[in-house]
Structures are given as C-alpha cells and as structure tokens.
Amino acid sequence: MLKKSLISAIALGSTALAGTGQAQAADLTISCGAVGAELTLCLEGVNAWEEATGHSVDVVSTPNSSTERLSLYQQILSANSSDIDVFQIDVIWPGLLANHLLDLREVLGETAGEGHFPTIIENNTVDGRLVAMPWFTDAGVLYYRADLLEQYGFEPPETWAELTEIARTIQDAERVAGNERMHGFVFQGRAYEGLTVNALEWVASHGGGSLVERDGEISINNERAAAALDLAASWIGEITPNGALNYTEEEARGVFQGGNAVFMRNWPYAWSLAQSDGSEVRGKVGVTQLPAGADGASAAGLGGWNLAVSRYSENPELAADLVAFLTGLEEQKRRAIQGAYNPTLAALYEDEAVLEAVPFFGELYDTFVNAVARPSAVTGDAYGRVSNAFFSAAHDVLSGSRSGEQAVADLERDLSRVKRRNW
C-alpha cells in the first residue's frame, strides 16, 4: 500500500501517477522514470504486466537528477518503509543500497540473470546476493549533425581537438548565415553525477586514468587529467553556451534537437527522440563514438539502470515477478525499438528489428561492452563523496574558478582523506 504522506514529505515534489486504480488499492508501487519518454515507456510496460496478471501498480515519478533520486531512495529505505516495492536504481548504486534490497535469486531462482551481460550481473551481485536485475545499459556517445558536416566538408571527429575545430568552424559559419543560436557542442555540465561521467570520459580519453583505480589508488593528479579538464573549460563561452554549466541530459538534448548544436554528448536514448515527429533534426543526425584525447583513446562512461525489490515490500514475490517481466526479452526489445534503450540481453544485439530501429547498436557494440566504469565498486559506501568531490572540482574548472592543475591536486588531497576513513 502506498502511503503518499511519506513520499510527499521527502520526494521534493514527485508525483504519484495512477495505474489502474487509486493508490490505496494498488498491489504494488514502482519508482521508475522521471519525465518524458522514460516515464512513458515504464508506464506502458507496467500496464502490460497489469493486463497479464490482473494486479494493479502505482508508478511514482522521481527527481530527474540521479543525485536527488538517490537521496530520496536512501530516505525511504532507511525508514524501512514499504511505500515503494520496486526501485529503479543506477548501475553505481547496488553496493550502496544492497542491505535494503531483496536477493532476487531467492524468489526468481538460481537462473535469474541468465542471458544478461555477465559484467552487469556481477555488478549487481553484492556478497553473493543478486540485488537488482539489469534493465538497460548505457554508454556515452557523440551525436552530430550529419547534414552540416557534409555541407561544410567534414568527417565525424576522431579527437577532441578535431571536434573543437569543426564545432567552431560550423558554429561561426551558421551564425553568419543567420542562425545566431547555433552552438558547436553541448554536454552535461551541471554539478551532478552526469558531470562525473562526462569528466571521467575526458580524463580517461586523454590517458589520465579513472580517478580511482581498481586497486584503490587515486590516480587523478596527473598532467593528462589536468589538460583534459582545461580543454573542456576552453569550450565554455566559445563552442559551448555558458548555460551548459547547468545542463543535464535533457537540457543538452533540447538544444541539439532544436537544431541549435553541431555536436552533443548524450546517452543512446536521445536517438529515438531526435528521429521523432516534430524533431527539428529528424533525418539529419549521426552517432559515433566519443573522441579521443591527445595520445589517448575513445572512452565512453558506463551507465545504465536496474530494477530492485525492497526488502520491506509487503508483496516481495509479486514485486519480483514485475521485475522479471520488465527486464525480460520482449519488454527490453520493445524499449530498444521505441526508445533506443540499450538492452542488457546479448541476443537482442543480433535482432533484426532492433538493429533496424537503432543501427548504431550494432556499429558501436564494442563501445557499449567496453565502457569505462565509475569507481563505485572500489570505493564502496564512499562513492557518493568521491563523485561529489570530482564533479564539484570539474565544475569549478569549467566555470573558471580553478585551473585543471589546481583541481586535480586538490582532488588528490580531498580523496586521500576520504580513502583513509572509508576504503
């Protein structure tokens, strides 16, 4: 039963969206999606399960920011609340939330997870317990205006230096031609988890390491990492609007899909929206891997979301059945075709209907399989503080209040303090 009073008190304005009945009559409550296509796809999947089983589900919309969403989840779970049965959790959260989550193998059987990418199953297994089922995986990709690159005689960039030059050239030419709102490159620059991913891609692609390595060593304080952050700062106010300092995924997509950016870093979900009816860039967009830094290689940040069942659910078996349905082959195929959400089932990357809808799933398969993980596993419960320190430092560099060299030196000192206490 959904107690709206608790959720209203801590969800910062989250809205309960009715399923087939009133909240008090629902058998389950699921938190999935925030706004737009993500929430719509979740509602459709939930409705299909309701029709197949006769049960009812309330869907609770959560904050779009993953940082705010995690805070909300931690408050609900720390209260041992049964208000939400199924949670959509980030790929970096299983270790943080594991103690509050059901071992899905206890309910779904030992074969739960078969067919999914083994690395994600491993990521979601904490102390031998499968605490979440993979729903979709993600890796950062580069969107570009194929029509504009062709018009001005460019190929998609292979390095960040090439992107910078192409973006500036086309931006300036388009503004002269009358599109004064054109920008060269948009990305997620707000001080939140999304900037951690972007900054990790910049650093890793320059050969600057992964912030914290698998052995727990802090690697961020090096010249290549500093250069990567300084390069990104040089974009602000030049090829990237100052407003990008407050962009999440959707703000960046809005600029690009409105026809006002040459390049965009985003997740694969933006593909289907860019090709939708009414999109200003429909039929004009290409997708490729993110550029490499000097003497580096392309690095795509690993993303993705999973579904987990609360240990405090009053209907754990029913909740696990909903999770199994939503993460199953047919539902993942539907979401891939309709929303360009990357499946976690390897078989779907050979499915003709999926590849027809999203051709780059096949072309960038290696990018998705070999994406760079954030250091959540090695830092454990301290990851939130590690990420906060990283995105705050990166944001300071982007806004001009610190140099790359200063930021990475300060980061090493700050993370060393966290390491002594927590990992």
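This is a predicted model: local features need pLDDT of at least 70, side-chain atom pairs count only at pLDDT 80 or more; totals for chains, interfaces and linings use all residues.
By class, the lining of the largest pocket comprises 20 nonpolar, 9 polar and 4 charged residues, where Ala, Val, Leu, Ile, Met, Phe, Trp, Tyr, Cys and Pro count as nonpolar, Asp, Glu, Lys and Arg as charged, and the others, Gly among them, as polar. Residues are numbered from 1 along each chain as its sequence is written, and side-chain values use heavy atoms, with hydrogens and water left out.

A pocket here is an open set of points, on a 1 Å grid over the protein atoms alone, with protein on both sides within 12 Å along at least five of seven lines; a cavity is a set of points where a 1.4 Å probe fits but cannot get out, and lining residues have an atom within 4 Å of a point. Grid points are joined across faces, edges and corners, and a volume is the space filled by probe spheres set on the points.

On those terms the largest pocket holds about 1000 Å³ of space, and of the 33 residues that line the largest pocket, Asn-123, Leu-302, Ala-373, Arg-374 and Ala-377 lie nearest its centre. Two or more lining residues come from each of α4 (94-97), α6 (118-123), β5 (125-126), α17 (365-369) and α18 (376-379), these labels being DSSP runs numbered from the N terminus, with helices (H or I) of at least four residues and strands (E) of at least two. Of the elements, α6 gives the most, with 5 residues.

The second largest pocket has about 480 Å³ of space, and among its 26 lining residues Glu-38, Asn-64, Glu-249, Trp-267 and Trp-305 are the closest to its centre. Its lining divides into 10 nonpolar, 7 polar and 9 charged residues.

The residues lining the largest cavity are Val-91, Ile-120, Phe-136, Thr-137, Gly-303, Gly-304, Trp-305 and Asn-306; β7 and β12 are the elements that give two or more of them, and β12 has the largest share, with 4 residues.

Next, the disulfide. A search of the whole structure finds 1, taking a disulfide as a pair of cysteine sulfur atoms within 2.5 Å: Cys-32 and Cys-42, with their sulfur atoms 1.6 Å apart. Because Cys-32 lies in the loop between β2 (28-31) and α2 and Cys-42 in helix α2, the pair ties together parts that are 10 residues apart in sequence. The link is left-handed, with -70 degrees about the S-S bond, and both cysteines are buried, meaning under 20% relative accessible area (1.4 Å probe, protein chains only), whereas exposed is over 50% and partly exposed lies in between.

Finally, how far apart are the end C-alpha atoms of helix α19? They are 24 Å apart, which agrees with the 24 Å that its 17 residues (383-399) should span at 1.5 Å a residue, the expected span being 1.5 Å times one less than the number of residues. Its buried residues include Tyr-383, Val-386, Phe-390 and Leu-398, and what covers the buried residues of α19 includes α9, α10 (223-235), α18 and α20 (404-422). Just after α19, Gly-400 takes a positive phi of about 90 degrees.

Key: Contact means heavy atoms within 4.5 Å.
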